[in-house]
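Work through the exercises below with the structure open. Try each task before reading its solution.

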Amino acid sequence: MKLPYPALCLLLPLLAACSPSADLDTVSSVRTQPGPQVRITEAGAGGINAGTPYSAKAIAAALPGFTTEGFQAATEDNTEWAIGAYNAQGFQVLHFYKDSDGKLREMHGVTHHLQGPNGERIGMSFAEIGTARSDCRVGRNLWRGMAICKARGASNITLVYAIPQYPGPFDQLAPGDQLREAVLQRIIWTPLGRT
């Protein structure tokens, strides 16, 4: 599969995070440590909820100890401006995307410094989390071939898995044995009522 240069540049960090290496071992050891700084639930994360305005100042106020900064990020269908939230150690923990009405459209958890509604952590495998294949669809465009799945018991939270060394076809979910090895890359929250 040949990707346009901009798409390839955006996917390289994601692909590097997916390959089995010492980096995944580091993520595995960190993600099992107690006390992630943020937990994403159906209601939101930290002080972030459906009423939080899309602004760097409002997001920083809702996440004490975090700083915010705008940047370009990839979503499933395109790249767009987003607000990143960084913890005190400088790790980018969350991405925030703007809806057409100026409110939050989505919040993406992108590092092991957070957890999902069932304790999911970035870097965990599909098998570790216990996601059901029937709760998943295949990703498209920039996330082509990835597994996009509903989080257990949380209708407005989606889990995005990359499948290491999966050769395709990319228009369908990977076979079960490869899907079990898929690695959680993002936890996506959409405000209730916008899902």
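**Exercise 1.** Classify Tyr 166 in this predicted model: is Tyr 166 buried or exposed?

*Solution.* Take the relative accessibility of Tyr 166, which is 8%. Buried means under 20%. Tyr 166 therefore counts as buried.

**Exercise 2.** State how many aromatic pairs the model holds, then work out the geometry of the pair Phe 126 and Tyr 161.

*Solution.* Start with the count: there are 2 aromatic pairs. For Phe 126 and Tyr 161, the ring centres lie 5.1 Å apart. That falls within the 6.5 Å limit for a pair. Next, the planes meet at 65 degrees. Planes over 60 degrees apart count as edge-to-face, so this pair is edge-to-face.

Now place the two residues. Phe 126 sits in helix H4 (residues 126-129), and Tyr 161 in strand E10 (residues 154-162). The pair links distant parts of the chain, 35 residues apart. Finally, check burial. Phe 126 has a relative accessible area of 5% and is buried. Tyr 161 is buried too, at 0%.

**Exercise 3.** What is the arrangement of the rings of Tyr 166 and Phe 170?

*Solution.* The centres are 5.7 Å apart. The planes stand at 85 degrees, so the pair is edge-to-face.

**Exercise 4.** Describe the protein chain as a whole.

*Solution.* Count the elements: 5 helices and 11 strands. Then burial: 46% of the 195 residues count as buried. Then the surface: the chain exposes about 9,500 Å², with carbon and sulfur atoms supplying 54% of it. Last, the contacts: among those with a separation of 6 or more, 56% join residues 24 or more positions apart.

Conventions
Residues numbered from 1 in each chain as written. Predicted model: local features only at pLDDT ≥ 70, side-chain atom pairs only at ≥ 80, totals over all residues. Heavy atoms only, no water. Helix = DSSP H or I, 4+ residues; strand = E, 2+ residues; numbered from the N terminus. Buried < 20%, exposed > 50% of the residue type's maximum accessible area, 1.4 Å probe, protein only. Contact = heavy atoms within 4.5 Å. Areas by Shrake-Rupley, 256 points an atom, 1.4 Å probe, with all protein chains shown as cover. Phe/Tyr/Trp six-rings, centres within 6.5 Å; stacked < 30°, edge-to-face > 60°.
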